[in-house]
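Biologist: Hi! Could you walk me through this structure in plain words?
Modeller: Happy to, let's look at it together.

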Amino acid sequence: MPASDRFNINSQLEHLQAKYVGTGHADQNRFEWAVNINRDSYASYIGRHPMLAYIAISENESIGRERYNFMQKMLLPCGPPPERDED
């Protein structure tokens, strides 16, 4: 693979990472990646009424209650963040 192809691929990846937050970056840890994935999923469920209605029916709750629950889960979707080592 020529160096110009690698530079082009890296610049495209950097452009995508700058444009879309959920694509991640080299300094992102597993916890941050999981939080982004879960928040994107909850936002998708809230934004798509048929999906929200399906989930509400399956859990025997109202659509408004499910929307509220998903918004609450978006605050800490994976629990509290892990403690970081200060080096």
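Modeller: One term to begin with: buried means under 20% relative accessible area, exposed means over 50%, and partly exposed lies in between, using a 1.4 Å probe and protein chains only.

Biologist: Okay. Is Q28 buried or exposed?
Modeller: Q28 is buried, because its relative accessible area is 17%. Q28 sits in the loop between helix 1 (3-19) and helix 2.

Biologist: What does Q28 touch there?
Modeller: Q28 is in contact with W33 and N36, leaving aside neighbours within four places in sequence. Contact means heavy atoms within 4.5 Å.

Biologist: Where does this model come from?
Modeller: This is a predicted model, in which local features need pLDDT of at least 70 and side-chain atom pairs count only at pLDDT 80 or more, while totals for chains, interfaces and linings use all residues. Residues are numbered from 1 along each chain as its sequence is written, and side-chain values use heavy atoms, with hydrogens and water left out.

Biologist: Which residues make up the largest nonpolar core?
Modeller: That core has 5 residues: Y42, I46, L52, I55 and F70. Helix 2 (30-47) and helix 3 (49-58) are the elements that give two or more residues to this core. A nonpolar core is a set of buried Ala, Val, Leu, Ile, Met, Phe, Trp, Tyr and Cys residues joined through side-chain atoms within 4.5 Å.

Biologist: What is F70 in contact with?
Modeller: Apart from neighbours within four places in sequence, F70 is in contact with Y42, Y45, I46, L52 and I55.

Biologist: Now the helices. At what angle do helix 2 and helix 4 cross?
Modeller: They cross at roughly 160°, and their axes come within 9 Å. Therefore helix 2 is roughly antiparallel to helix 4. Axes are lines fitted to C-alpha atoms, for helices over the stretch in contact, and angles run from 0 to 180 degrees between N-to-C directions. Angles under 35 degrees count as roughly parallel, over 145 as roughly antiparallel, 65 to 115 as roughly perpendicular, and the rest as oblique.

Biologist: Which residues make the contact between helix 2 and helix 4?
Modeller: Helix 2 brings Y42, Y45 and I46, and helix 4 brings R67, F70, M71 and K73. By class, the residues of this contact are 5 nonpolar, no polar and 2 charged. Here Ala, Val, Leu, Ile, Met, Phe, Trp, Tyr, Cys and Pro count as nonpolar, Asp, Glu, Lys and Arg as charged, and the others, Gly among them, as polar.

Biologist: How do helix 2 and helix 3 cross?
Modeller: The axes of helix 2 and helix 3 come within 5 Å and cross at roughly 95°, which means helix 2 is roughly perpendicular to helix 3. Y45, I46 and G47 of helix 2 make the contact with H49, M51, L52 and I55 of helix 3. These divide into 5 nonpolar, 2 polar and no charged residues.

Biologist: And how do helix 3 and helix 4 pack?
Modeller: Helix 3 and helix 4 pack at about 100° with their axes 9 Å apart, which makes helix 3 roughly perpendicular to helix 4. On the helix 3 side are H49, L52, A53, I55 and A56, and they meet I63, E66, R67 and F70 in helix 4. This contact has 6 nonpolar, 1 polar and 2 charged residues.

Biologist: Changing topic: where is N60 found?
Modeller: N60 is in the loop between helix 3 and helix 4 (63-73). N60 counts as exposed because its relative accessibility is 68%. Phi of N60 is near 55°, a positive value in a residue other than glycine.

Biologist: Last one: what does R39 touch?
Modeller: R39 touches M74, L75 and P77, not counting residues up to four places away in sequence. R39 is in helix 2 and counts as partly exposed, because its relative accessibility is 33%. The C-alpha atoms of R39 and L76 are separated by 9.0 Å, though these residues are 37 apart along the chain.

Methods:
Helices (H or I, at least four residues) and strands (E, at least two) are DSSP runs, numbered from the N terminus.
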